[in-house]
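Please read the following report alongside the sequence and the model, beginning with the surroundings of the ligand and ending with the backbone.

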Amino acid sequence: MKKGLFITFEGIDGSGKTTQVKEFIRRLEIASIPFLLFREPGGTEIGEKVRKILLDKSNTGLLPITELLLYSASRYQLTCQSIIPALESGKVVICDRFYDSTTAYQGYARCIDLSFIERLNSVATESLVPDLTFILDISLLEREERIGNKDLDRLEQEDIKFQERVREGFIAIVKKEPERAIIIDGSKSSAEISDEIWGYFIKIRKGEYNDEIL
Ligand code: TMP
């Protein structure tokens, strides 16, 4: 039975998600709160091998359903091997991306049937749902400025229309599940964002967050 808290971070590439994950764990360390941090795809030995296939830009022949199944395979391994046991032992578990990325990237952007993705997400997570999901949102223009000439991976190389659909996907998730998924304005300063995220975390830890929303 789950005792810990499961927090996920999502957003388009360049949204500042990973910076905020680092800031969040820094605060957990200061507060002496036991946690485990994972990333997706990856997070396990097998998952990291799958990650290499998924992000390798020479894999131009990867078909959309193959891509979807590989993300899901990595997630099932991570969920069963690491996330569920950590939650059962009462830890805070943080994941840099989880199934909302599949909904946004493979569902909204690759246009794979959303009800199929929903079922697959449920299988790949043993129906585990995050307690709180922070979705860092920036405009596509801001993304261009931030990413600049960086060496882009396979998904980052997709065109602007693809990235726009990913962003729309994340916004749709927030509309559908406002009690779990929170949109964070990624254009604010890093310190402001990290205060906002920490504020939500403290509330959910005290059990106040959902009461306030409901
Ligand atoms: P990262 O750059 O945040 O580590 O994520 C790796 C890339 O994989 C990123 O471009 C988003 C993409 N992705 C999907 O397309 N579907 C998924 O389910 C996940 C977890 C990531």
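## The shell around the ligand

Helix α4 supplies four residues to the shell around the ligand, the largest share, and α2 (45-55), α3 (64-88) and α4 (99-109) each contribute at least two; helices (H or I, at least four residues) and strands (E, at least two) are DSSP runs, numbered from the N terminus. The model is a predicted one, in which local features need pLDDT of at least 70 and side-chain atom pairs count only at pLDDT 80 or more, while totals for chains, interfaces and linings use all residues. Residues are numbered from 1 along each chain as its sequence is written, and side-chain values use heavy atoms, with hydrogens and water left out.

In total, 14 residues surround the ligand, the closest being Arg51, Tyr71, Arg97, Thr102 and Gln106, where a residue is near a molecule if one of its heavy atoms lies within 4 Å of it. By class, the shell comprises five nonpolar, three polar and six charged residues, with Ala, Val, Leu, Ile, Met, Phe, Trp, Tyr, Cys and Pro counted as nonpolar, Asp, Glu, Lys and Arg as charged, and the others, Gly among them, as polar.

## Polar contacts and cover

Glutamine 106 places a polar side-chain atom 2.8 Å from a nitrogen atom of the ligand. Of the 470 Å² of accessible area that the ligand has on its own, the protein covers 93% (Shrake-Rupley method, 1.4 Å probe).

## Aromatic pairs

The whole structure holds 10 aromatic pairs, a pair being rings of Phe, Tyr or Trp (its six-membered ring) with centres within 6.5 Å, and planes under 30 degrees apart counting as stacked, over 60 as edge-to-face and the rest as tilted. Phenylalanine 6 and phenylalanine 98 form an edge-to-face pair, because their ring centres lie 4.9 Å apart and their planes meet at 85°. This pair links distant parts of the chain, 92 residues apart, with phenylalanine 6 in strand β1 (residues 5-11) and phenylalanine 98 in the loop between β3 (92-96) and α4.

## Backbone features

Most residues other than glycine have a negative phi, and most peptide bonds are trans. Glutamate 40 and proline 41 are joined by a cis peptide bond, with omega about -10°, and proline 41 lies in the loop between β2 (35-39) and α2. Cysteine 111 has a positive phi, near 65°, and is placed in the loop between α4 and α5 (114-124).

Methods. Polar contact = N/O pair within 3.5 Å; in protein donor to acceptor, adjacent residues only side chain to side chain.
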